[in-house]
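Here are my notes on the model you sent. Please read them with the structure open beside you.

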Amino acid sequence: MNNIYSRKVGGKSLKNNLNKSLKIIGNIITIVAIFYVIKRLMNNDYDYSQLLVSKNIFPMLIIIVVQSVMVMTNAFPWKILVEMLTERKVPFVETIPVYVSANLMKYVPGNVFQYVGRNQLAVRNRLPHLPVALATMLDVLITVIAAAIISIFFLYDFIAKYLRVNSWMQTALIIVGIIIVLAVFLMFLFRNQIWKKIENYSYLFSTKSIKTILVALIYYIIVLMISSLMYLIVVIYITDTPLSSQVFLQLFSAYTLAWLVGFITPGAPGGIGIKELVMVAVTGGYIGTDVITLSMVIIRILLVVADCIAFVFGKIFEIIYKTKGRQNASN
């Protein structure tokens with residue numbers, strides 16, 4: 001009996017030590033992320049005095065405020081996905097600090113810490129790590145699908161034309177098609193074994209889970225469209241570039257497509273260079289490359305500032321929440 005008890009106590013002690021270690025590592029990575037954020041702002045080859053003129057202040061404030069709020073609310077779809085996979089309720093005010101801290105980690109080279117960092121939620125709420133990691137993967141996949149839906153809906157003609165004239169894209173599609181056919185064949189061949197595995201996750205196909213995934217998808221479609229509008233504010237009001245309705249719509253959808261291509265392109269940190277190339281191609285030369293490049297530099301700067309502000313407010317929420325929790329416990 002004593003041996004059983006000691007094993008339980010020892011197991012709990014080991015788990016607590018592991019959680020403490022993960023917290024320390026998370027704090028160190030956050031500090032490293034802040035260093036890289038400052039480095040990125042300093043390394044931008046841009047004269048900030050040109051940006052800080054009176055006419056730009058209001059548009060910049062709108063962009064920073066909207067983007068900061070969106071960074072914090074982006075914790076919502078991830079939260080409901082975590083709850084779906086863990087079958088545990090997670091307070092939104094606890095999700096925000098973890099999400100904004102992990103979001104800041106995307107500036108650390110490697111582009112993995114922002115996703116690994118989200119598992120701090122498992123440490124803080126004693127959740128199983130695997131479902132939280134799966135929720136993060138599902139969250140990223142839903143974001144990519146949302147961007148693809150917007151791109152196909154608004155830029156179907158451009159994408160179809162691009163695929164027709166580029167032989168390497170046609171080759172890539174053929175390879176993808178072959179992979180899909182092979183995958184379907186293997187799934188049919190090992191259907192019994194696969195079905196046994198799927199049965200363990202049958203709850204993912206329940207009406208409740210499907211609704212949760214649809215809510216997350218609709219959320220990201222709306223957020224991506226708002227992000228495109230923020231970029232257009234930069235083009236129209238900060239770079240003083242008038243847009244026709246046609247070019248407005250092209251840029252609106254091109255920004256999402258550029259994010260998507262930059263995200264899925266290997267070896268392009270943050271999609272640097274890829275996004276500008278995509279947007280120049282989509283607009284068909286109606287806007288100069290210099291305007292595209294300048295507007296992208298400005299929106300990058302404002303997004304970094306928004307990420308930092310979201311991080312600060314996330315920490316404030318965390319302090320307030322913990323203070324209230326201690327007061328309630330003492331009462």
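1. Basis. This is a predicted model, in which local features need pLDDT of at least 70, side-chain atom pairs count only at pLDDT 80 or more, and totals for chains, interfaces and linings use all residues. Numbering starts from 1 along each chain as its sequence is written, and side-chain values use heavy atoms, with hydrogens and water left out.

2. Fold. The protein chain has 14 helices and zero strands. Both are DSSP runs numbered from the N terminus (helices: H or I, at least four residues; strands: E, at least two). Among contacts (heavy atoms within 4.5 Å) between residues at least 6 apart in sequence, 74% join residues at least 24 apart.

3. Burial and surface. Of the 331 residues in the protein chain, 39% are buried. Buried means under 20% relative accessible area, exposed means over 50%, and partly exposed is in between (1.4 Å probe, protein chains only). The chain exposes about 19,600 Å², and carbon and sulfur atoms supply 70% of that area. Accessible areas come from the Shrake-Rupley method with a 1.4 Å probe; for residues, only the protein chains shown count as cover.

4. Largest core. The largest nonpolar core has 33 residues. Such a core is a set of buried Ala, Val, Leu, Ile, Met, Phe, Trp, Tyr and Cys residues joined through side-chain atoms within 4.5 Å. Which members touch the most other members? They are Trp 78, Val 82, Leu 121 and Leu 127. The elements giving two or more residues to this core are α3 (54-73), α4 (75-86), α5 (92-104), α7 (120-125), α8 (129-165) and α11 (207-238).

5. Val 82 and the second core. Leaving aside residues up to four places away in sequence, Val 82 touches Glu 87, Val 90, Leu 121, Leu 127, Val 132 and Ala 135. A second, separate core holds 29 residues, including Leu 155, Ile 287, Val 291 and Met 296.

6. Thr 256. This residue lies in helix α12 (residues 245-264). Is Thr 256 buried or exposed? Thr 256 is buried, at 2% relative accessible area. Its side chain makes a polar contact with the side chain of Ser 228 (3.1 Å). A polar contact is a pair of N or O atoms within 3.5 Å; within protein, one must be able to donate a hydrogen and the other to accept it, and residues adjacent in sequence count only if both atoms are side-chain atoms. Beyond four places in sequence, Thr 256 touches Ala 147, Ile 150, Ser 151, Leu 224 and Ser 228.

7. The whole structure has five salt bridges. Each is a side-chain nitrogen of Lys or Arg within 4 Å of a carboxyl oxygen of Asp or Glu. Lys 79 and Glu 83 form one of them (2.6 Å, N to O). Both lie in helix α4, four residues apart, about one turn of the helix. Lys 79 is buried at 12% relative accessibility, and Glu 83 is buried at 12%. Lys 315 pairs with Glu 318, with the closest N and O atoms 3.4 Å apart. These two lie in helix α14, three residues apart. Lys 315 is partly exposed at 25%, whereas Glu 318 is buried at 10%.

8. A salt bridge across the sequence. Asp 307 pairs with Lys 106, and their closest N and O atoms are 3.2 Å apart. Asp 307 lies in helix α14 and Lys 106 in the loop between α5 and α6 (113-116), so the pair ties together parts that are 201 residues apart in sequence. Asp 307 is buried at 4% relative accessibility. Lys 106 is partly exposed at 31%.

9. Nonpolar patch. Val 312, Phe 313, Ile 316, Phe 317 and Ile 320 make a nonpolar surface patch of about 420 Å². Patches are made of residues with over 30% relative accessible area and no salt bridge; like charges are joined within 9 Å, nonpolar side chains (Val, Leu, Ile, Met, Phe, Trp, Tyr) within 5 Å. Phe 317 is in helix α14 (residues 289-330) and is partly exposed at 35%.

10. Backbone. Glu 87 has a phi near 55 degrees, a positive value in a residue other than glycine. Glu 87 sits in the loop between α4 and α5 and is exposed at 66% relative accessible area. Asp 240 also has a positive phi, of about 55 degrees, although it is not a glycine. Asp 240 lies in the loop between α11 and α12.
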